[in-house]
Each structure stands twice: as C-alpha cells, then as structure tokens.
Amino acid sequence: MPLMHQDLASRLVPPAPGPAGAASAAHAINPRVPGIRSLHSPGPTRVPEAVMHAMQRPMMDLMDPRVGALIRACEDGMRALLGTRDAPVLFYAANGHGMWEAVTANLSARGRALLIAGGGHFSDSWAMQTEILGQATGTTVLRTPHAEGHPTDPAAIEQALREDKAHRIAAVLVVHTDTSSGITSDLAAVRRAIDAAAHPALYVVDLVASLAAAPFDMDALGVDVAMGASQKGLMCPPGLGYVAVNARAMAFAEAHAGPRFYWDWVRRASDLQYKKFCGTPPLAHLAGLEAALQLIAEEGLANVHARHARLGGAVHAALARWGMGEGAGALKAFCKVASARSASVTAIEITSGHDPEALRTVARERFQVAMAGGLGPLAGRVFRIGHLGDMNEATILGALAGVEAAMVVQGIPFGEGGVAAAARFLVDATAARAPAAAAAAATAGDAAGTGA
Ligand SMILES: Cc1ncc(COP(=O)(O)O)c(C=O)c1O
C-alpha cells in the first residue's frame, strides 16, 4: 500500500478515548472539523466570506488607478467609522503592538512624558513597550493607578495632569476596551478630566478591541489620535494597523523629529502612495478592509453597535445564571462595574479551583467553541468569551451551549439555565426594538406614499 494510503487508513481508525476530564489525552487535535467551529476569541475574530473573497483579488501594478481608489475607499470608510471629518487615517502593515510603537515614535520627545492610564493588562503592556522605547528618546512614562476589575479612573488622570505644572506630559494614552478583562472605559469622562485639569496634553485612544463594537466619535470626544488593528471588530485577518492623527497631534510630531522612518506620521501624511505606505501597500489587507467597511455600511453602524450590545448582554445574562444556585460563587464576571462590561468580550473568573485552560481545550476540541484564556495576572484565573465581529444570535447561543457542555465535562459547578436566560434576553431585546423599527418602517412607507 502506498504511504499516503497507509496514512489515510491509520487516520480512519478512531483514537482511543482518554480518561474523562483529561483534556489533552481525551481530545487529541483532529485536523478535520465537521460543520463550523465557533470562534469566540476576542481577536482574531471570524472573517466573513465577502472579506476573504475580496482578499483573493489578483494583485495590481501600483500605478493602476484602482489601487488609488482602493486606498481612498479605505481612508474615507475609516474616517466615517472613527467619526472624524479631517484627521488623516494612516495604514501600516502591522498589528496593535506596531500601532503602539507608531504612537510612541511620533509623540516622544526628550524631557517630555507620556501618561498611560492604568486599565488592565493592555495598558500595562503598552506602558512597558513605551518605557523601553522611551529610554532611547529620553521620554518618561508615567502611569495612573488601576484597581483590578474596574475601568480606567478619570480622577487619577486629572490628578496626574494637575500635578504636572510644567506641562511635561505630551499625551494621555487610554485603552478604550481592555480585552483581557472585558472592561470598557468612559472616554468622555477622560476628556472631561483632561479639560478640568486645563492641561494641553494630547488625547490618544487604543481602539483595538472596541472599534465597530462600541460607539466612538473621535471629533466629538476631542480625541487627537485613535489607533487600532484589523483583527477584531473590523472582521479582517490580523496584519493591518490604522491610526487617525488630527492636526494638533500632527503638529506635535512635526515639531519633534525623532529616530523614526517607517512609523513617521509626517512622512506618511503624503499624497504620494509610496510615502503613505512607506513602500508597497498591503493590497490584500486593504481589499479585505474595503469589503468589511462595506458590510458595516450595509448593516448600518448604529445597528452594528446595537447588535454588539445585544449579544454581549446575552452573554452577561447567561453568566448571571451560571453564578447562581448550586454553582453560586464558582463563576463571576471579572468586571466589577456593570456599566463598564464590554460589548466585545466577557472575562469570567473561575473561583472553584478548576483550570480555565483545560475548560478551553474541552470546549474547543470537543464542542467546537474556541474561546480565549487569561492574560498576564489573569492567566489561570479567567476564561473569555469573545462576542465581537461577524456574529449573530445563533452563534452566541451555540457558543454558550458549548461552554455549558464543557463545564459539565470538567465538573465545574454552575447554575443551570444560562442558555435559556441568554435566549430570553435576546427575545426581550428584539421585542424592545420592534416598536421603534415598525414606527420607522411606517414612516418610510408614509413618506413613499405606500402606507396602508
Ligand atoms: C486593547 C488591545 N490593545 C492592543 C493589543 C495588541 O494588539 P496585537 O496583538 O495585534 O499586537 C490588543 C490585542 O489583543 C488589544 O486587545
């Protein structure tokens, strides 16, 4: 028998079952996944077919006018999504860390400081990266204190700015949604804090986990720099970073030349394509982004936000049940402030001593629900259900059912009825929307002269 056939034959023999609950032995990785594996990592998220097809488009020569049209469509679409009229949007072949580096490279200056608002694992990582880069440029990094399970504290930002009498702080850097804890901070409150301190610092926001999931309006919020990446709410594969830089932030970068080239905003804010991208544009990613922006426009941005709020609410409703009855106290929302629970991801703390990583393995390999684990200080304490991007009611209910099944396998105590509570929440949320939608349809019908 040829080797290939032998391989196939051996793969047709089912693997021996392992001991119950022993995730690694019992759930050998099988390359074939029948049906759809439900991806509930908070990034990368599911990439819709329309985006994947767009990315398969043949390459173009860089002088082809379609290249310029593609870039313009992405720039205009992103400006609309970010809520900015004039800030240029710059794209990089980079992930979120790359965009952090772009911020640091352009806003560093000898003798100046960057204030990073404490908000969880991602602001800590941003601060660490900025501290290392700051050593080379003579830029200090300051951090505000942060309480675990809570959003960023605007009062701590205001205090730090008030204490900075010499106005050394060049910018305040805030993570909108901390993906590790599922907590969304109040960006308007941070703006008020900066204003209350009457400090001229630039306002920089990390939207990696929140754009196209939670509302954001760059101009209305007075945000000077907004940055993020493609792999979450934007429904694209990882690898495309964006940053919108308003005139005030661009002027700062212009006035403070530094050791930067690829990241340089001033160079990139050019009409010349080879400067805009510092070389060859990432055409496939741009084509994917154009398709994703089209999908968002078709659904309507307000509907996209409402859907995320609804699906997030369903997960929160399930979690409330899981923490009740027999399972009381074994599962808890990591976010301690209900109004700060993110529309993108929910971090669930297991306090019964069970291993969240083993739960994830069972959920993924046996029930086809892929979730995320704990990061940094939350490793081994939480598991996270992502509910952002290309998702709907069925995907969320399926994921919650898969998580419940995996918790049964792992012997994790939990209150019954989580999936039912989520379904109830979705029914009620849809009913609450129905009268408004019917009224809008009736008005449209009247306007068109088709009302009954
Ligand atoms: C809020 C936030 N900022 C930054 C990053 C870093 O992004 P990347 O992993 O693409 O480098 C992440 C990653 O998940 C994130 O969630």
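The largest nonpolar core holds 123 residues. Such a core is a set of buried Ala, Val, Leu, Ile, Met, Phe, Trp, Tyr and Cys residues joined through C-beta atoms within 7 Å. L115, V172, L173, L202, V225 and A318 have the most contacts inside this core. Helix α14 (residues 301–322) gives the most to the core, with eight residues. The model is predicted: local features need pLDDT of at least 70, side-chain atom pairs count only at pLDDT 80 or more, and totals for chains, interfaces and linings use all residues. Residues are numbered from 1 along each chain as its sequence is written.

Beyond its neighbours within four places in sequence, V225 is in contact (C-beta atoms, placed from the backbone, within 7 Å) with V103, L202, V204, V243, A244, V245 and A249.

The protein chain has 17 helices and 15 strands. These are DSSP runs, of H or I over at least four residues for helices and of E over at least two for strands, numbered from the N terminus. Of the 452 residues, 45% are buried, with 20 or more other C-beta atoms within 10 Å of their own. Among contacts with a separation of 6 or more, 75% join residues 24 or more positions apart.

Helices α4 (residues 65–82) and α13 (residues 283–299) pack at about 45°, with axes 9 Å apart. In the contact, L70, I71, A73, C74, G77 and L81 of α4 meet L286, A287, L289, E290, L293 and I296 of α13. Ten of the contact residues are nonpolar, one is polar and one is charged; Gly counts as polar, and Asp, Glu, Lys and Arg as charged.

Definitions and conventions. A residue is buried if 20 or more other C-beta atoms lie within 10 Å of its own, exposed if 12 or fewer, and partly exposed in between; C-beta atoms are placed from the backbone. Two residues are in contact if their C-beta atoms, placed from the backbone, lie within 7 Å. Axes are lines fitted to C-alpha atoms, for helices over the stretch in contact, and angles run from 0 to 180 degrees between N-to-C directions.
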